[in-house]
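Dear colleague,

Please find below the sequence and the structure that I am handing over to you. My notes on what was found follow directly after.

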Amino acid sequence: MTDPYKVLGVNPSASDEDIKRAYRKLAKKLHPDLNPGNKRVEGQFKETTAAYDFLSDPDKRRKYDRGEIDENGQPRGFRYSNTRPGGGAQQQQQRRRGSGFGYEEDGDFSEDLFGDFFGFGKGGAESIKLRGADVSYQVRVPFLEAVLGTKQRLQLADGKTLEVQLPPGTDTGQTLRLKGQGLPGRGGAPAGDAFVEVTVEPHPVFTRDGNDILVELPITLYEAVLGATLNVPTIDGKVSLKVPVGANSGTQLRLRGKGVQAGRSGARGDQYVRLVVMLPKEVDPALKSEIEKSARSHPYKVRGKLGTD
């Protein structure tokens, strides 16, 4: 064990009540019943209990403060002997009866802490209520299911399966609270809550910007020059979109009300369609010839703002 004062987070000048209060606070946080299967926390709980056991012994504490013994109760400058007076294994075994996670004292501390705090007083009667601990889960949700709303099945810590309703517009980082679905309480106290953190998977076509949806729509050179009416994907399905004559790459068209539902109001954002003009992989000689004629007869400038024309 390290310095028992450091383990409990108190100063050497702390009163007995301060030490007891510090241990109670740590025991509530570290007790294995609230951290099932966590070996690291279990080890911290054992060390915390040992530190309190050491400092709650007035004789040991005085000798430790004077430097006569170390944090393990061994005389400084002497080798350990399990038959030394007052500190042998037999006496320690008589003073402590291992509980697996801590010790039962010959005095009333065990009943005081684990009776008052964990709800079991003398004779096994329940006295103090303790709310159950909260638990956290993480779920990954496909993009369309998140923006449109869906149900997800969760496997809870107690083995129970629960169906969770994700509302429309659920986004990455959003945390849902499931009241009473955490660990059970003690002494008749309510169970804790479950918190579900959502991660939304990316979509190959749609990008979300707040409550708006962004889509890039490739169009041909002919559709850009002549205009066209095209089918465009939305989160609700395909809709028709009119591409204006002479559309440029980067032109952004709005589909009103085709975005994500904003909370409980039912109002929806918009979808913005960004046009991207795509040339054919191989330019037809006839097309090239016509464009060359047009370039000579109808030249125009596009880089004036850059000062390069």
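Helix 4 spans residues 58-65 and holds both Lys63 and Asp59, which are four residues apart, about one turn of the helix. The side chains of these two residues meet in a salt bridge, with an N to O distance of 3.5 Å. Lys63 has a relative accessibility of 29% and therefore counts as partly exposed; Asp59, at 36%, is likewise classed as partly exposed. Please bear in mind throughout that this is a predicted model, and that the values quoted here are computed.

The structure holds 18 salt bridges, and a few others deserve mention. Glu68 and Arg66 form one of them through their side chains, at 2.7 Å from N to O. Glu68 is partly exposed, with a relative accessible area of 37%. Arg66 has a relative accessibility of 52%, and because the cut-off for exposed is over 50%, Arg66 counts as exposed.

A further salt bridge brings together the side chains of Lys151 and Glu163, at 3.9 Å from N to O. This pair links distant parts of the chain, 12 residues apart: Lys151 belongs to strand 4 (residues 150-155), and Glu163 to strand 5 (residues 161-166). Glu163 is partly exposed, its relative accessible area being 44%. There is also a network, in which salt bridges that share partners join Arg131, Asp134, Arg177 and Asp193.

I turn next to the largest pocket. The space in this pocket comes to about 620 Å³. Its lining is made up of 22 residues, and those nearest the centre are Leu221, Val225, Ile291, Ser294 and Tyr300. Two elements give two or more residues each to this lining, namely helix 8 (221-226) and helix 9 (285-297). Sorted by class, the lining of the largest pocket contains 16 nonpolar residues, five polar residues and one charged residue.

Leu226 is found in helix 8. With a relative accessibility of 63%, Leu226 lies over the 50% cut-off and so counts as exposed.

Is Asp53 buried or exposed? Asp53 has a relative accessible area of 2%, and since buried means under 20%, Asp53 is buried. This residue is placed in helix 3, which covers residues 39-55. Asp53 and Tyr23 are separated by 30 residues in sequence, while their C-alpha atoms are 9.9 Å apart in space.

Finally, Gly237 is located in strand 11, which runs over residues 237-243. At a relative accessibility of 28%, Gly237 counts as partly exposed. The C-alpha atom of Gly237 is separated by 9.9 Å from that of Lys258, and these two residues are 21 residues apart along the chain.

With kind regards

Notes:
Residues numbered from 1 in each chain as written. Predicted model: local features only at pLDDT ≥ 70, side-chain atom pairs only at ≥ 80, totals over all residues. Heavy atoms only, no water. 1 Å grid on protein atoms, 1.4 Å probe; cavity = no way out; pocket = protein on both sides within 12 Å on 5 of 7 lines; lining within 4 Å. Points joined across faces, edges and corners; volume = space filled by probe spheres on them. Nonpolar A, V, L, I, M, F, W, Y, C, P; charged D, E, K, R; others polar. Buried < 20%, exposed > 50% of the residue type's maximum accessible area, 1.4 Å probe, protein only. Salt bridge = Lys/Arg side-chain N within 4 Å of Asp/Glu carboxyl O.
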